[in-house]
Amino acid sequence: MILRSRLLFGLGFRMCSTHVTKGLKDTVRPNSDMSEFRKVFSQAKHIVIITGAGVNAESGIPTFRGVHEKWRKWHSQDLATPEAFSRTPSRVWEFYHYRRELVVNKKPNAAHLAIAECEARLRKQGREVVVITQCTDDLHRQAGSKHVLQIHGNQMETRCMSCGDVTVNKHSPICPALKDKGAPGPDVPDADIPVDKLPRCDESDCHGLLRPNVVFFGETLDSHILTKVEKEMEICDLCLVVGTSSIVYPAAMFGPRIASRGVPVAEFNMQTTPKSEYFTYHFHGPCGTTLPPALEQHESEVTH
């Protein structure tokens, strides 16, 4: 499993694991000593924070796990694929329209704000905080984070299938034909919107079909972003894994890869994950509750 995961990381494919380990191995006793973590945090110079959908939960955005795992009768990994978009672009656009509308008016929560405040504060001390996120919204940047690597892209951007143009697009709805479409109920029929009525490119003489500028399952991550992620993993001296189920690759191996260098890794989540056994610390609970005290100013910071 580890060898396969390293291969996936090297190639940069976004894949969802079909094997989920529940809880920790019997021999693992996660450390939840916040005071000990705070001492480590106070000494760290280059901190990487890896975030997943769980960091958005307290902003009212579902994690698409558990009761929210399906949209209509499909799992997200069945819709967010290049094959699905090629076969049924209307259905996939309905799905992403639904997801876009969920976040368009959402605000950063205490976890986002704590990360952004920490980054700004530590920058003045010559220390660095980098966010590597699987989230495809803008909440980290809305909170004030400057150094954000979105490894799965941004659903509030579009990419033209013809000319490749990438554009920020926060229109609501993104096109007239999608207005009031995308309801997630299991009995809601597909809208079957004609392809020429779906979002189209505004570039002159193009008018190509647009797709969400996200990394679909089975596609490779952006090589430039992946190179930056690899660099951050090699130079960080502390890592926080926040609100991620650790089952989507290659992101699921980022924390373990860092831990393999002997770097402390702290997990903040509502439950243990398949990767908890690799980490130094585990703090159980909502990220908006556990993260702010972990990142607040330490009395020893005045010496930096």
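Author: The protein chain carries ten helices and 13 strands, in a model that is predicted.

Reader: What is the confidence in the protein chain, as mean pLDDT?

Author: The mean pLDDT of the protein chain is 90, and 88% of its residues reach 70 or more. Residues 1-5, however, have a pLDDT that stays under 50, and for them the model has seven contacts beyond four places in sequence. Over residues 18-27 the pLDDT is likewise below 50, with eleven contacts in the model beyond near neighbours in sequence.

Reader: How many salt bridges does the structure hold, and why is the pair of Asp-190 and Arg-72 called one?

Author: The structure holds seven salt bridges. For Asp-190 and Arg-72 the closest N and O atoms are 3.1 Å apart, and the cut-off is a side-chain nitrogen of Lys or Arg within 4 Å of a carboxyl oxygen of Asp or Glu, so the pair qualifies.

Reader: Which side chain meets that of Arg-91 in a salt bridge, and what parts does the pair tie together?

Author: The side chain of Arg-91 meets that of Asp-190, at 2.8 Å from N to O. Arg-91 belongs to helix H5 (residues 89-103) and Asp-190 to the loop between S8 and S9, so the pair ties together parts that are 99 residues apart in sequence.

Reader: Why is Arg-72 called buried?

Author: Arg-72 has a relative accessibility of 5%, and buried means under 20%, so the word applies to Arg-72.

Reader: What makes Arg-211 and Glu-219 a salt bridge, and are the two residues buried or exposed?

Author: Their closest N and O atoms are 2.9 Å apart, and since the limit is 4 Å, the pair of Arg-211 and Glu-219 counts as a salt bridge. Arg-211 is buried, with a relative accessible area of 5%, and Glu-219, at 17% relative accessibility, counts as buried too.

Reader: Which residues do salt bridges that share partners join into one network?

Author: That network is made up of Arg-72, Arg-91, Glu-94 and Asp-190.

Reader: What does UniProt list for His-152, and why is His-152 called buried?

Author: The UniProt record, an unreviewed entry, lists His-152 for "active site". In the model His-152 is found in the loop between strand S6 (148-150) and strand S7 (153-160). Its relative accessible area is 2%, which is under the 20% limit, and therefore His-152 is called buried. Not counting residues up to four places away in sequence, His-152 touches Arg-14, Thr-133, Gln-134, Thr-136, Val-214, Val-215 and Val-248.

Reader: Where is Asn-154, and what does Asn-154 touch?

Author: Asn-154 has its place in strand S7, where it is buried with a relative accessible area of 4%. Leaving aside residues up to four places away in sequence, Asn-154 touches Thr-136, Asp-138, Asn-213 and Val-214.

Reader: What makes Pro-189 exposed, and where is Pro-189 found?

Author: Pro-189 has a relative accessible area of 60%, and since exposed means over 50%, the term holds for Pro-189. Pro-189 is found in the loop between S8 and S9. Between the C-alpha atoms of Pro-189 and Arg-91 the distance is 9.7 Å in space, although the two are 98 residues apart in sequence.

Reader: What share of the residues in the protein chain is buried?

Author: Buried residues make up 52% of the 304 residues in the protein chain.

Definitions and conventions
Residues are numbered from 1 along each chain as its sequence is written. This is a predicted model: local features need pLDDT of at least 70, side-chain atom pairs count only at pLDDT 80 or more; totals for chains, interfaces and linings use all residues. Side-chain values use heavy atoms; hydrogens and water are left out. Buried means under 20% relative accessible area, exposed over 50%, partly exposed in between (1.4 Å probe, protein chains only). Helices (H or I, at least four residues) and strands (E, at least two) are DSSP runs, numbered from the N terminus. pLDDT is the predictor's confidence in each residue, from 0 to 100. Contact means heavy atoms within 4.5 Å. UniProt positions are given in the numbering used here, feature names are shortened, and annotations may be inferred rather than shown by experiment.
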